[in-house]
Every structure is written in C-alpha cells, then in structure tokens.
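This report covers strand pairing, the nonpolar core and aromatic contacts.

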Amino acid sequence: MEGEERDGEEYTLQEEGEEEEEEEEEAARSKQEEEEQVLAARPLTEEVLKEGLSLLCKSGNGLAHAYVKFEAKSKDLTDVSILERFIHLRYVDLSDNKLHDLSPLSSLTHLLWLKVDGNLLSSACMQELPYLQIISFTHNRIKDMEGITHPRLANLSLKGNKIQTALGLSHGQLFSLQILELRGNKLESTAGLSLPKLKNLYLAQNTIRSLEGLEGLGQLAVLHLRDNQLETLDGFCSSMKCLQYLNLRNNGISSLQEVAKLQVLPMLQSLVLLDNPCCDEPDYRLEVLVLLPHLQRLDKELFEQYEQAEANKIRQERQEEEKEMEGSLQDDVTE
C-alpha cells in the first residue's frame with residue numbers, strides 16, 4: 001500500500017508539474033497574443049495626428065495653406081494609414097514606434113525628409129518619392145538594400161540594421177546620393193556600393209573582409225572602415241581621386257606593406273590606423289609618412305615639419321639606393 005501511495009504521490013507531482021508547464025506555456029501564449037493585440041490596437045488616431053501636425057505653409061497652388069510637418073515619436077504606433085490624406089506633408093518623424101509597413105506614405109509625393117528610426121521594419125522598400133532627400137532607417141530589422149529608388153535622395157542612414165550585402169542597391173536611381181550610413185550592420189564586403197556622387201561612406205562596425213567595387217567612387221572624400229576584419233588593403237584604386245580621409249582603426253592590418261597600397265590615392269590627407277598590428281612596427285609613424293608623402297595627419301595627429309623633413313630624407317636615400325641597385329643589375333646583365 002505504501003508503494004502504491006508513493007507511486008500515486010509521484011504521479012500527482014508529475015501531473016502538477018506538467019500542469020504548471022502547460023499553464024506557463026498558456027501564459028506565454030496569452031502574453032504574446034496580448035502583445036499582438038496591443039500592436040494591432042495602435043493605429044494613428046485623429047487626436048495624436050492633431051498633436052503632431054505643425055508648420056503651416058502655402059500649398060502648391062499658393063491659394064490655400066496646409067500643415068507640412070508631422071511628428072509622432074514613441075507612441076507604439078503600428079499603423080499610420082491616416083497619413084495618406086495629408087499629401088502636403090514634407091517632414092515626417094515616426095521614430096520609436098512599432099511600424100512594419102510604410103506603404104501609407106506612398107501618397108506623400110511632396111515629402112522631403114523622413115525619419116523612421118527604431119521601428120520594426122524588415123525592408124526599406126518604398127514607392128519612389130520624387131522629392132525625398134533625406135531618410136533615416138536607423139535601428140530597424142532591415143536585411144537588404146533593395147527598393148530604395150528615390151531620385152533626389154542625398155542622405156541615407158541604415159545604421160544598426162541586419163544588412164549582409166549591398167548588391168541590391170539601385171545604382172541607376174540613386175544618382176544624387178552623397179551620404180550613406182551603414183554602421184553596425186553585417187556587411188562582409190563593399191561590393192555593390194559603387195555610387196558615382198557619393199562623398200561620405202560610413203561602414204564601421206561591420207564584418208568586412210574584402211574591399212570590392214570601389215573603382216566607381218570617384219567623388220568619395222570620406223571613408224570609415226573602423227572595427228571591421230580587413231587584413232589586406234587590396235581594392236583601393238587611382239580612380240578614387242577625391243578620397244581625403246580614411247579610417248581603418250581596429251582591423252587586422254599587420255604589415256606596412258599593406259599601407260603602401262594606399263599610394264594609389266592621390267588626395268589622401270588623413271589616415272587612422274590605430275589598434276592595428278602594424279602600429280607596433282619600429283618607427284611606425286615615420287615609416288607611414290615615408291610611404292605616403294602627401295599625408296598630413298596620422299591617427300588624428302598632424303605631422304610636424306621635422307617629421308616631414310626626416311621622412312623626405314629617408315625616402316630620397318631609399319630611392320637612390322634602388323637606382324644604384326638597378327644600375328648594378330644592368331651592369332651584371334651587360335657583362
């Protein structure tokens with residue numbers, strides 16, 4: 001009997017444990033459903049809309065007035081369909097909400113500036129907006145760069161997303177893009193970023209191992225590649241004739257022979273190499289200046305005149321030694 005009672009107790013405990021697990025699972029499901037219901041129950045309302053509208057301006061025909069600015073940040077919004085009616089809006093900030101979809105903004109053909117940071121967007125794809133110049137998609141869940149086709153877009157931020165490749169970028173439509181922010185993504189290569197008007201490109205905090213497709217960046221002046229996984233500097237080319245600032249901090253560049261590959265950049269003036277293994281080489285600062293005579297700053301510190309003079313002297317001595325070597329080799333061949 002005692003054995004039967006013990007078995008009965010164990011069975012009851014097991015049943016209770018299973019019931020507790022089921023209750024926990026049910027509670028988790030209920031919580032998820034509640035969250036989904038909360039998300040589904042947060043459309044943009046007339047009341048919030050009125051609070052966020054500002055900047056009264058003349059409309060297109062000049063005979064009427066309309067609000068052109070709207071802001072609704074941190075409202076847990078999941079639906080902004082009501083904005084479809086407000087076709088005169090030029091500046092819209094919907095940051096820190098719970099938006100999955102921007103299709104209601106397709107009718108805002110006068111839009112100049114859009115900020116949708118901190119939402120739940122998995123794509124940056126939108127219908128082409130003819131006057132849109134600045135967009136910020138910072139800290140969303142975007143995985144690719146497809147569907148961005150706004151012809152006047154000059155400044156695009158996709159910082160802190162999950163983008164693995166830029167190969168889907170619409171080069172044909174983005175001929176006005178000058179600033180591209182891609183920090184904190186999952187890029188492994190620069191392939192696909194060949195944008196002819198681009199001036200500033202921010203690629204820090206990715207996992208970039210190779211530099212590809214840079215030959216089309218003829219107007220690029222600033223390039224940030226800090227906190228990546230570069231070990232070689234193949235990929236830079238003489239067509240990058242405007243590049244002045246290059247940040248390579250905290251990569252895996254171990255040799256100054258790699259730094260010598262930057263000699264193809266005719267306008268390079270400022271270089272950051274801190275936290276790379278090559279910084280530990282003897283006379284590192286002087287040797288970099290010997291290799292790159294046009295450089296004005298290294299690791300954000302200006303070169304002094306005496307450093308430039310010493311580097312010039314070493315460079316001339318090495319060039320003379322090379323000439324002598326070439327001469328002696330020719331003599332050996334003649335003999």
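Two strands count as paired if DSSP finds at least two bridges between them; helices (H or I, at least four residues) and strands (E, at least two) are DSSP runs, numbered from the N terminus. The model is predicted: local features need pLDDT of at least 70 and side-chain atom pairs count only at pLDDT 80 or more, while totals for chains, interfaces and linings use all residues. Residues are numbered from 1 along each chain as its sequence is written, and side-chain values use heavy atoms, leaving out hydrogens and water.

| Strands | Sense | Bridges |
|---|---|---|
| strand 1 (residues 53-58) and strand 2 (residues 65-71) | antiparallel | five |
| strand 2 and strand 3 (residues 91-93) | parallel | three |

Ser54 has Lys69 in strand 2 as its bridge partner, and Phe70 stands opposite Val92 in strand 3.

A nonpolar core is a set of buried Ala, Val, Leu, Ile, Met, Phe, Trp, Tyr and Cys residues joined through side-chain atoms within 4.5 Å. Buried means under 20% relative accessible area, exposed over 50%, and partly exposed in between (1.4 Å probe, protein chains only). The largest such core has 82 residues, and Phe137, Phe236, Leu262 and Leu271 have the most contacts inside it. Helix 2 (46-52), helix 3 (256-259), helix 4 (284-291) and helix 5 (305-334) each give two or more residues to this core. Helix 4 supplies the largest share, five residues. Leaving aside neighbours within four places in sequence, Leu262 is in contact (heavy atoms within 4.5 Å) with Leu233, Phe236, Leu246, Leu248, Leu268, Leu271 and Leu292.

Arg285 lies over the face of Phe303, 4.4 Å from the ring centre; a charge sits over a ring if NZ of Lys or CZ of Arg is within 6 Å of the ring centre and within 35 degrees of the ring normal.
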